[in-house]
Amino acid sequence: MVRPLMTDTVFLAQKALPADAGDIAVADDLLDTLKAHEDGCVGMAANMIGVNKAIIVFDNDGTPCEMFNPVIVYRKGLYLAEEGCLSLQGQRRARRHRTIKMQWQDRQMQTHVRNFTGWTAQIIQHEVDHCSGILI
């Protein structure tokens with residue numbers, strides 16, 4: 001189901017609660033909402049649809065991906081980026097890393113670890129910031 005976008009910065013600034021297998025419907029709604037905004041959006045976190053859980057979805061070179069309880073465990077190659085956000089107006093500067101190593105869980109709560117680089121890494125970092133209550 002496509003959900004309305006959350007723009008309340010007080011809500012968005014909260015640290016997300018851990019996600020579990022009971023939150024699969026939230027991931028489904030996030031994927032539907034991302035698809036509905038695909039013309040101007042490449043990633044979303046659950047708080048952007050009003051759910052305070054650590055779940056992100058993003059476009060990985062044309063393939064929609066989801067992560068439950070995502071954690072960046074390694075960062076390399078700091079740079080400054082200009083980013084926008086569906087929940088906020090305008091563009092803002094953000095510090096990002098060219099390479100990140102992620103740890104997360106899938107829908108079956110199985111843990112995965114993988115490196116991401118470039119644009120995909122930037123998207124993930126933006127969404128993980130949302131889970132930490134960090135607004136660009």
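## Largest pocket

Ala, Val, Leu, Ile, Met, Phe, Trp, Tyr, Cys and Pro count here as nonpolar, Asp, Glu, Lys and Arg as charged, and the others, Gly among them, as polar. By these classes, seven nonpolar, six polar and three charged residues line the largest pocket. The model is predicted: local features need pLDDT of at least 70 and side-chain atom pairs count only at pLDDT 80 or more, while totals for chains, interfaces and linings use all residues. Residues are numbered from 1 along each chain as its sequence is written, and side-chain values use heavy atoms, with hydrogens and water left out.

A pocket is an open set of points on a 1 Å grid over the protein atoms alone, where a 1.4 Å probe fits, with protein on both sides within 12 Å along at least five of seven lines; lining residues have an atom within 4 Å of a point. The largest pocket holds about 280 Å³ of space. Its lining has 16 residues, of which Gly40, Val42, Gly84, Cys85 and His126 are the closest to the centre. Both β3 (63-85) and α3 (118-131) supply at least two lining residues, and α3 gives the most, with five. Helices (H or I, at least four residues) and strands (E, at least two) are DSSP runs, numbered from the N terminus.

## Nonpolar cores

A nonpolar core is a set of buried Ala, Val, Leu, Ile, Met, Phe, Trp, Tyr and Cys residues joined through side-chain atoms within 4.5 Å. The largest one has 18 residues, and Val26, Leu30, Met44, Ala46, Ile49 and Ile55 touch the most other members. At least two residues of this core come from each of α2 (24-36), β2, β3 and β4. The largest share, four residues, is that of α2. Another core, of 17 residues, lies apart from it and includes Ile72, Met102, Val128 and Cys131.

## Lys53

Lys53 is in the loop between β1 (43-45) and β2 (55-60). A polar atom of the Lys53 side chain lies 3.4 Å from the backbone oxygen of Pro18. Beyond neighbours within four places in sequence, Lys53 has contacts (heavy atoms within 4.5 Å) with residues including Ala16, Leu17, Asp20 and Ala46.

## Arg98

Arg98 belongs to strand β4 (residues 88-105). Buried means under 20% relative accessible area, exposed over 50%, and partly exposed in between (1.4 Å probe, protein chains only). Arg98 is partly exposed because its relative accessible area is 48%.

Leu78 is 20 residues from Arg98 along the chain, and their C-alpha atoms are separated by 6.5 Å. Leaving out residues up to four places away in sequence, Arg98 touches Lys76, Gly77, Tyr79, Phe116, Thr117, Gly118 and Ala121.

How values were computed:
A polar contact is a pair of N or O atoms within 3.5 Å; within protein, one must be able to donate a hydrogen and the other to accept it, and residues adjacent in sequence count only if both atoms are side-chain atoms. Grid points are joined across faces, edges and corners, and a volume is the space filled by probe spheres set on the points.
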